[in-house]
4 protein chains.
Amino acid sequence: MGGSGYAGGEFLRLALGHPHLKVTQVTSERSAGQPVALVHPNLRGRTNLKFRKAAELKEADIIVLALPHGSAAGRIAEFEGKGRVIVDLSADFRLKDPEVFQQAYGEAHPAPDLLGQWVYGNPELRREELRGATRIACAGCFATSVILALYPLLKLGVLLPKDIIATGLVGSSAAGASSSDASHHPERAGSLRVYKPVGHRHTAEVQQELPGHFPIHLTAISTPRVRGILSTIQAWIPDGYSDRDVWSAYREVYAAEPFIRIVKVARGIHRYPDPMLLDGTNYCDLGFEMDMDSGRVVLMSAIDNLVKGTAGHAIQCLNIAHGWEETAGLEFAGLHPA
Amino acid sequence: MGGSGYAGGEFLRLALGHPHLKVTQVTSERSAGQPVALVHPNLRGRTNLKFRKAAELKEADIIVLALPHGSAAGRIAEFEGKGRVIVDLSADFRLKDPEVFQQAYGEAHPAPDLLGQWVYGNPELRREELRGATRIACAGCFATSVILALYPLLKLGVLLPKDIIATGLVGSSAAGASSSDASHHPERAGSLRVYKPVGHRHTAEVQQELPGHFPIHLTAISTPRVRGILSTIQAWIPDGYSDRDVWSAYREVYAAEPFIRIVKVARGIHRYPDPMLLDGTNYCDLGFEMDMDSGRVVLMSAIDNLVKGTAGHAIQCLNIAHGWEETAGLEFAGLHPA
Amino acid sequence: MGGSGYAGGEFLRLALGHPHLKVTQVTSERSAGQPVALVHPNLRGRTNLKFRKAAELKEADIIVLALPHGSAAGRIAEFEGKGRVIVDLSADFRLKDPEVFQQAYGEAHPAPDLLGQWVYGNPELRREELRGATRIACAGCFATSVILALYPLLKLGVLLPKDIIATGLVGSSAAGASSSDASHHPERAGSLRVYKPVGHRHTAEVQQELPGHFPIHLTAISTPRVRGILSTIQAWIPDGYSDRDVWSAYREVYAAEPFIRIVKVARGIHRYPDPMLLDGTNYCDLGFEMDMDSGRVVLMSAIDNLVKGTAGHAIQCLNIAHGWEETAGLEFAGLHPA
Amino acid sequence: MGGSGYAGGEFLRLALGHPHLKVTQVTSERSAGQPVALVHPNLRGRTNLKFRKAAELKEADIIVLALPHGSAAGRIAEFEGKGRVIVDLSADFRLKDPEVFQQAYGEAHPAPDLLGQWVYGNPELRREELRGATRIACAGCFATSVILALYPLLKLGVLLPKDIIATGLVGSSAAGASSSDASHHPERAGSLRVYKPVGHRHTAEVQQELPGHFPIHLTAISTPRVRGILSTIQAWIPDGYSDRDVWSAYREVYAAEPFIRIVKVARGIHRYPDPMLLDGTNYCDLGFEMDMDSGRVVLMSAIDNLVKGTAGHAIQCLNIAHGWEETAGLEFAGLHPA
């Protein structure tokens, strides 16, 4: 549903190459009747599907909602009759608490009774809940980069209960496929634009998912990249702890994770996570560096906002939910140089 | 008139720093009432002017029309009563022949009788006509880069009467300040998009201005740059001629030109014209290289499309028309690195 | 051999994901002893291989030479003893005629007697010769983009025997992995640099591979992209022919080609080939537009210089040589947006 | 001295256009004998000067040192005999305390006795000391962006004495004119590279210049821009204070500053400081936003690292030192779009 946007397009790319998924229908009100490959030109020669209207939706095993934020929740009954498994890429079902939703999104949740049925779609934190899940609320992109960097450290008590500050450098695709004055190339190409210095909505899901009750503050800046998020996270380590404890925490929690890589290299030019290397991949690269004098630790977390931040994450959740190989359809290694 | 677009904004930047010009009013229907610096944020602290509606235009010594193509000609009487000197940055009054206009722009010229009163605004070719001129039709940007490269060679017979092909690499600002699907940053940032392989409208003014009746063919490609045009022009030199003759022709015709530089350097990395070095400047850098085996010569021509291609060219024309120092207000050297 | 460069790295990326290839050793004199993933950070978690010195090379079924131009030919005996199939990614064995080689590369070929044993590695032109081939000289990147656009039209006589001009817009990765003054980011990021206005070495292989004896002229310009080549090719169609004949020729010759797509769309913003869509893919996208007045046709051809221009082309040749599925290992669809 | 680098080149550009400065000699060991315009191609047609060796330096009213960090201090006697006024663009004379220097730069200061003679070259903080000054140690670029954002707030007590965190997004020109693996375009163009997560050397001068003894932490990230620094600074406001107090503090301290602009706009797309608008200008644009719930304030500070961050700052200091108009030679407004 809503397959003409960037999240939908990326899900299509991944689903068309997935060994266990078959794409049977794609909706778009705006592009109904047009070939999918006209809107997503990378799919030329890969699919002959045409967009249809939502009203023409037929039953399917899995329905993926790639609708604008706020659109899915109000129409959810419409989809529940059509598919056993529903994956929502929007923010509509991520938050458990309707009041938190209202505070973050400025309006009452249209279906608060359903919130409990949805699993927050983050495999690293909620793999067990995802097995067999039929309602998956895919995690937000900036939130994912922050959560994955902090989770092991907060879980294992490697951070002080002090304000944590996350600064996200975000590519232009995160704002979606619709053009605007702000996305006009001459205004955007050379820009470093702070678009959310305070009050970022993903704060709510970050705080919901992370253990402890640390205050976490987000600042979001758009960069000239198209894809990718690089988050640098400023936090504080207790006396007596060192970067070895950070290493240990990451290793303990993420050792078996197929899509988490610790990137902390002493030589060469690629020492820390860099979204440049992740376009099209489902990796989350994590790194860190410590200032021994102050106990400050800088965590670095890079993802492709459309893959590990959205559509790839969704595929990974579906793989877990169905008991498929967790990496199925997500094998692309990324390009270098890129 | 029409000061909220990129051509208008660039004219404002230059006029505000010009020793003999004073900007008294700026119109914009869309932004009327708003400060100029809200739309052109580089002018913060440089002007307190606000946009007004065209209907509020008062008399002025000079009126500059930065309206969309096709808008100026139909309303020209409106402006003629208000200002002694009129400079049009659009294509409306560039062509002498109404039939050529109709062929290039697809509609009859609304004021064909006036065409003869306008001087084509290219100082290098028409400096004498520009002295004291009161109607200046500023040259097109791609056209300027092509005309300035070819003029001396065609004038002095250094080229064979064979098809000439000009390929222009154009920055995104050339398409104007309005956003569109094509200008959406994620679709444009990495793109090399052939947007006019054949049929470019500037062909008409190039052919009007250049001596001889050689067929000249234009292809236009948009690049990830915001400003600038780099034209590479493929032409043919008669037997017995060499690149020395190209040198001589350029020197003979352009020796005294303040804004033409011949760039052909044997060492280093900046051997030929490059629009990177010209952002904000009024220069046209020209270079060339010859293939002795085939007699093919490749001319290279770089400008900033908004300066030498539009607003700076207009200032230069005004300087000539009023007898001011020709470089007044156009002193910026450009940045390196940039 | 020479796996620390960009061509070698890209071959590794593709080979590591190939169903029938297993990478057993990688050499690099400069990086011997270091993990491959230190130099090619996209391969983190994909391989534990370390670079070894060429002197340590052991026997293998296939040896791929990713050495600098001029290095392979002089050492070819060294490799012939080690592998049954040899693929050379350099220019050393592409030209059949040692005199043409000498003219293009400025020195005598060190092994002229061997030139006849090598197949020019272009599947679309030489698929039959490639079946079972054991010596494959992989085609040049700019040459490939030009050859694939022109071949059907020259073969079927859809072009006039007139000068053809190809202008290539080339990404920075084409100059290799070694830094230089010219590749220094501040000097290169905003640059449109004509680096080979005349005298491009690929002219020789273009003329060798294309039918007829038309003069073909190349101009190469570096752009701010990292990957990709967009070639616009100016040619001439005989009276009585039209763009339908171009369509027919492409269809006739390329109908069954898995990696050639004709891109010529009437609507939307992706009307012609654009390298933006091809990063990481093995496609060559071809388009064209005709100027009916003059008979000029503009061909457009886009590839990823490191994939269809080098390493992907090599994989495709190996697939043919071994009788494997021709698309094996080359399934990546490319990203949008990118 | 050392005029072939980016800082030297930018100083030359500004000095050549300055009404009261005349450039009489430029040194470069590497480029001695070559025209300045070969290295700084934006100066073509602006100067005929050639580089000479340092040994050939003659007396001058003002000597500007644009040498690598660590080179000026050891040779300072050499220059003191040649010029009455010395401006050092490096870090050598910025710190007052030799021990702090040793800690930050890892070696003993070669001329500790002289440190007291130098004025830290920041006009907004040290205008009075700069009047008539003959030794000016120009401030660091990242430091300048941080100091100018924080100074009024710390001076007037508008911030809590809590850890302050500054994240700087830095253009590639900040690393200088010499190419390296890290600056190789294919490795850098798409990169968001954290190059100094902790331990940035500018911390020392930030702490020296700012009132109070707050801990200030710097993280530096390189971006795909060539010029510019955008710093976002996370700090905390006491209970009972609000963003009005931030406004007031900036107004009180900076009301008369010619190069400080407060950028905080409710409408449009240019709401906060953006280095895109500052290339070539001497402005420091400051903005801020507050999170009322937590008392967190995010300060935003943008400069061109080569102008307000280096050479323009130096010109401004020289203007003050000599009693010239403070904006002389620094009139460029910046480009939009850019």
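Student: What does UniProt place at A:Cys141?

Tutor: The model is a predicted one. For A:Cys141, the unreviewed UniProt entry gives the feature "active site". Such an annotation may be inferred rather than shown by experiment. In the model, A:Cys141 lies in helix H6 of chain A, which covers residues 141–155.

Student: Why is A:Cys141 called buried?

Tutor: The relative accessible area of A:Cys141 is 17%. Buried means under 20%, so A:Cys141 counts as buried.

Student: Which residues does A:Cys141 touch, leaving out those up to four places away in sequence?

Tutor: A:Cys141 touches A:His202, A:Ile229, A:Ile303, A:Asn305 and A:Gly309. To be counted, a pair needs heavy atoms within 4.5 Å.

Student: What does the record say about residues 2–133 of chain A?

Tutor: The unreviewed UniProt entry places "domain: Semialdehyde dehydrogenase NAD-binding" there. Over residues 2–133, chain A is 27% helix and 14% strand. The end C-alpha atoms of that stretch are 22 Å apart.

Student: How many residues are in contact between chain A and chain D, and what area do they bury?

Tutor: The contact involves 44 residues of chain A and 44 residues of chain D. Between them, chain A and chain D bury about 3,800 Å², with 67% of it on carbon and sulfur atoms. A:Leu192, A:Val198 and A:Ile269 supply 17% of the area that chain A buries against chain D, more than any other three residues.

Student: What are the corresponding values for chain D and chain C?

Tutor: Here 19 residues of chain D are in contact with 19 residues of chain C. The buried area is about 1,400 Å², 55% of it on carbon and sulfur atoms. On the chain D side, D:His184, D:His185 and D:Pro186 lose the most area to chain C, together 42% of what that side buries.

Student: Is D:Glu289 buried or exposed?

Tutor: D:Glu289 has a relative accessible area of 19%. The cut-off for buried is under 20%, so D:Glu289 is buried. D:Glu289 lies in strand S12 of chain D, residues 284–291.

Student: Which residues is D:Glu289 in contact with, leaving aside neighbours within four places in sequence?

Tutor: From chain A, D:Glu289 is in contact with A:Pro197 and A:Val198. From chain D, the contacts are D:Lys264, D:Tyr272, D:Arg296, D:Val297, D:Val298 and D:Met300. D:Asp243 is 46 residues from D:Glu289 in sequence and 7.3 Å from it in space, C-alpha to C-alpha.

Student: How do you know that helix H10 of chain D is not straight?

Tutor: H10(D) runs over residues 307–322 and has 16 residues. A straight helix would reach 22 Å at 1.5 Å a residue, but the end C-alpha atoms are only 19 Å apart. A kink of about 45 degrees is centred on D:His313. H10(D) is mostly covered, with 15 of its 16 residues buried. D:Gly323 follows H10(D) and has a positive phi, near 75 degrees.

Student: What makes the bond from A:His336 to A:Pro337 worth a remark?

Tutor: Most peptide bonds are trans. The bond from A:His336 to A:Pro337 is cis, with omega near -5 degrees. A:Pro337 is found in the segment after helix H10 of chain A. In chain C, the bond from C:His336 to C:Pro337 is also cis, with omega near -5 degrees.

Student: Why does C:Arg126 count as buried?

Tutor: Its relative accessibility is 17%, and buried means under 20%, so C:Arg126 counts as buried. C:Arg126 lies in helix H5 of chain C, residues 123–130. Leaving out residues up to four places away in sequence, C:Arg126 touches C:Val119, C:Tyr120 and C:Glu209. C:Arg126 and C:Cys317 are 191 residues apart in sequence and 9.4 Å apart in space, C-alpha to C-alpha.

Technical notes
Residues numbered from 1 in each chain as written. Chains lettered and ligands numbered in written order. Predicted model: local features only at pLDDT ≥ 70, side-chain atom pairs only at ≥ 80, totals over all residues. Heavy atoms only, no water. Helix = DSSP H or I, 4+ residues; strand = E, 2+ residues; numbered from the N terminus. Buried < 20%, exposed > 50% of the residue type's maximum accessible area, 1.4 Å probe, protein only. Expected span 1.5 Å × (residues − 1). Bend = angle between axes of the 7 residues up to and from the residue. Buried area = accessible area lost by both parts, 1.4 Å probe.
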